[in-house]
Amino acid sequence: MRAQVAVGRLSDSLRSSSPGRSRGTLSRTEPHRGLAGRRPRHAGYMAAKDVLGRAGEARAAQYLETCGYTVLERNWRSADGEIDLVVARPGELVVVEVKTRSGDGYGHPFEAVDGRKQHRLWRLAVAWIAAHPDHAQGRRLRLDAIAVTGSDPWTGRLEHLQDLR
């Protein structure tokens, strides 16, 4: 019981204090949700935003294939982050950042691809090339962004911004 109370105190101190709730105790009617107040991760659990994002990435990949690109990699990870899509066609190797939003309530999806994010994507692109040198041979590297906006990514608006610099 002491461990639960100690965790509850840490959890409560991480969250802002809410009126009507004493700090340092767990509510018996409310289940404990971990140190940051989030639902614990279980096998197979994905947050709704993650499901939306994956669907947007699938739509972007399908769109790029219809434009003549070959998808070389999806969701490539390194210690520095993740590349959503790596696609290619003759003479071009393109790293694509996909931003999916259900609406414009938090701004246009392209606004999230700021200079800092672009710099990180260039670093990730260089790391991807180092891991896959054969795919980069004789191709110009480019960074693109795709925005998918709408409650259903398969029918929502898709915008493709090429050659971010």
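Modeller: Start with burial: a residue is called buried when its relative accessible area is under 20%, exposed when over 50%, and partly exposed in between. Keep in mind that this is a predicted model. Leu-121 has a relative accessible area of 1%, so Leu-121 counts as buried.

Colleague: In which element does Leu-121 lie, and which residues does Leu-121 touch, leaving aside those up to four places away in sequence?

Modeller: Leu-121 is part of helix α3, which spans residues 115-131. Beyond its sequence neighbours up to four places away, Leu-121 is in contact with Glu-82, Glu-97, Val-113 and Leu-143. There is also a C-alpha separation to read: Ile-83 is 38 residues from Leu-121 along the chain, and their C-alpha atoms are 7.2 Å apart.

Colleague: Is Thr-149 buried or exposed?

Modeller: Apply the cut-off again. The relative accessible area of Thr-149 is 8%, and therefore Thr-149 is buried. Thr-149 belongs to strand β4, residues 140-149. With residues up to four places away in sequence left out, Thr-149 touches Arg-101, Gly-103, Asp-104, Pro-109, Gly-156 and Arg-157.

Colleague: What share of the residues in the protein is buried?

Modeller: Of the 165 residues, 34% are buried. The accessible surface of the protein is about 10400 Å², and carbon and sulfur atoms account for 51% of that surface.

Colleague: In what order do the elements run from the N terminus?

Modeller: The protein has 4 helices and 5 strands, and their order from the N terminus is α-α-β-β-β-α-α-β-β. Contacts can be sorted by sequence separation as well. Among those between residues at least 6 apart in sequence, 52% join residues at least 24 apart.

Colleague: Now the backbone angles. What is phi of Asn-75 near?

Modeller: Phi of Asn-75 is near 55°, which is positive, and Asn-75 is a residue other than glycine. Asn-75 sits in strand β1, residues 70-78. Its relative accessibility is 22%, so Asn-75 is classed as partly exposed.

Colleague: And where is Asp-163 found?

Modeller: Asp-163 is in the segment after β5, the strand covering 157-161. Phi of Asp-163 is near 60°, again a positive value in a residue other than glycine. Asp-163 has a relative accessible area of 27%, so Asp-163 is partly exposed.

Key
Residues are numbered from 1 along each chain as its sequence is written. This is a predicted model: local features need pLDDT of at least 70, side-chain atom pairs count only at pLDDT 80 or more; totals for chains, interfaces and linings use all residues. Side-chain values use heavy atoms; hydrogens and water are left out. Helices (H or I, at least four residues) and strands (E, at least two) are DSSP runs, numbered from the N terminus. Buried means under 20% relative accessible area, exposed over 50%, partly exposed in between (1.4 Å probe, protein chains only). Contact means heavy atoms within 4.5 Å. Accessible areas come from the Shrake-Rupley method with a 1.4 Å probe; for residues, only the protein chains shown count as cover.
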